[in-house]
Amino acid sequence: MDDQKRIVVTGIGAVSPVGVGAEATWASVIAGRSGIAPITLFDHSGCRAHIAGEVKNFDATQFGFSERDARRYDRSVLLGVAAAHNAIKDAGLDFAARGGNEDVCCIVGTGIGGIVNIENTVRILAVEGPRSVTPFLVPSGTPEVTSHTIALHYGLHGATFGVNTACASGNEAISTALRRLRQGPEVIAITGGTECPVCALSVGTFGNMKALSSWDGDGDPTRVSRPFEKNRSGFVIAEGAGILVLETLAHAKKRGARIYAELAGSGQTTDAYHFTAPEPSGTYVALATRHALNDSGINPDEVDYINAHGTSTPYNDLTETIAIKKVFGEHAKKLCVSSTKSMTGHMIGGCGGVEAVICCKVIQTGIVPPTINYEEPDPECDLDYVPNKAIERPVRVAMSNNFGFGGHNTVIVFRRFE
């Protein structure tokens, strides 16, 4: 494959429950620090779930927003733009000096979009009537707003749009950006995922769905999210954003960019099985994985690490384990498979972006983050989930899995750049 078709990661940015910035997030996950705590963003007393992964000490005015715009935009947009700011700075790109920027696209995924602004606006509608409703509801938080706000801040004139495939949205956005850069005309993509679902409406609906793990105030909330462990009881909802700067290898070489990894390929399928439950045989998760490997030109036995979707729900973790064993056979026992959602919680559309950042850091450093709270093994989930402590291991190929309600399965593959 020529340098115009090979796509590399030159910048990473993250805003997560365990840190503001990619390096802060990375330091926390390799240390096994959880960002899960009692909810502070709204009154959760009437909800079934009372904990979440919230971004702490976040100030949108540090990332190019005026105080007025910070109040106007949905929090999911603020987090996504902040992560993009982090990634663009990390990549050493100065779009103002570069000029033009018709060859830069921006594609960001979100599973829910501006639900905080929607909830707040509905309250005003109910009390004060439609004449009091903000005229900025649509341009402040619908699924494409993060992408066009990043473009607005940096003067980007390539294709700009949002992607919405539930919890797979971040990976799907990255996959879409990969394909756009391969075909042109763009040579740079700002891509990833963002979400802020920590509000009464989403915590209420997920809680009533029995998807969230309950916590009544007894014990330690940081110990609730326990992917692949026998006593897992549901996911912990979280907010966050992760953004990559992708470039064609030709463009990255031309400007002398530092390269974290090559984005080698991706694969997608749909279960077409149920509103929320995964198809239990893992057939279509496995097929998405095979598609990603084929697209990457990578054999199954070359994969060293999988950042699992690993939500801490009984069915998801079991299905993912089954699918991994279908694809990798005996090599599955040699893989490191960890779920950083044990520390961050489940950021819905934001998880793909943050976990892609983590995969890049794994390849760069040779450190594999743990699955914390792994105390009692589940006999049906019998892989190496890197229990409780990070390990050092050279990683040439890392895979990131994200699967969404509705049966969306998207797998992306990173390879050490040679």
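Is F95 buried or exposed? F95 is buried, because its relative accessibility is 3%; buried here means under 20% relative accessible area, exposed over 50% and partly exposed in between, with a 1.4 Å probe and protein chains only. The structure is a predicted model, in which local features need pLDDT of at least 70 and side-chain atom pairs count only at pLDDT 80 or more, while totals for chains, interfaces and linings use all residues. Residues are numbered from 1 along each chain as its sequence is written, and side-chain values use heavy atoms, with hydrogens and water left out.

A pair of aromatic rings is described by the distance of the centres and the angle of the planes. Rings of Phe, Tyr and Trp (its six-membered ring) pair if their centres lie within 6.5 Å, and planes under 30 degrees apart count as stacked, over 60 as edge-to-face and the rest as tilted. By that rule, the structure holds 7 aromatic pairs. One of them joins F58 and F63, which are stacked because their ring centres are 5.8 Å apart and their planes stand at 15°. Both F58 and F63 are buried. F95 pairs with Y154 at a centre distance of 6.2 Å, and the planes stand at 75°, so this pair is edge-to-face. The pair links distant parts of the chain, since F95 belongs to helix α4 (residues 95–98) and Y154 to helix α6 (residues 145–154), 59 residues apart. Helices (H or I, at least four residues) and strands (E, at least two) are DSSP runs, numbered from the N terminus.

Helix α5 comprises residues 115–128, 14 residues in total, and reaches 20 Å from its first C-alpha to its last, close to the 20 Å expected at 1.5 Å a residue; the expected span is 1.5 Å times one less than the number of residues. The buried residues of α5 are I115, V116, N117, E119 and T121. Their cover includes α2 (67–72) and α8 (200–208). After α5 comes G129, with a positive phi near 95°.

On a 1 Å grid over the protein atoms alone, a cavity is a set of points where a 1.4 Å probe fits but cannot get out, and a pocket is an open set with protein on both sides within 12 Å along at least five of seven lines; lining residues have an atom within 4 Å of a point. Grid points are joined across faces, edges and corners, and a volume is the space filled by probe spheres set on the points.

The largest pocket has a volume of about 430 Å³. Its lining consists of 28 residues, of which T276, A277, P278, T313 and F405 lie nearest the centre. Two or more lining residues come from each of α11 (314–328), β14 (397–404) and β15 (408–415), and α11 gives the largest share, 5 residues. The lining divides into 11 nonpolar, 14 polar and 3 charged residues, where Ala, Val, Leu, Ile, Met, Phe, Trp, Tyr, Cys and Pro count as nonpolar, Asp, Glu, Lys and Arg as charged, and the others, Gly among them, as polar.

There are 2 cavities of 30 Å³ or more. The largest cavity holds about 40 Å³ of space, and its lining has 2 nonpolar, 7 polar and no charged residues. The second largest cavity, with about 30 Å³ of space, is lined by 6 nonpolar, 2 polar and no charged residues. Helix α11 supplies the largest share of this second lining, 3 residues.

Most residues other than glycine have a negative phi, and most peptide bonds are trans. A cis peptide bond joins G184 and P185, with omega about 10°; P185 is found in the loop between α7 (169–183) and β7 (188–195). A166, not a glycine, has a positive phi of about 55° and sits in the loop between β6 (160–163) and α7. S312, in the loop between β10 and α11, also is a residue other than glycine with a positive phi, near 85°. S312 counts as buried because its relative accessibility is 0%.

Methods: Contact = heavy atoms within 4.5 Å.
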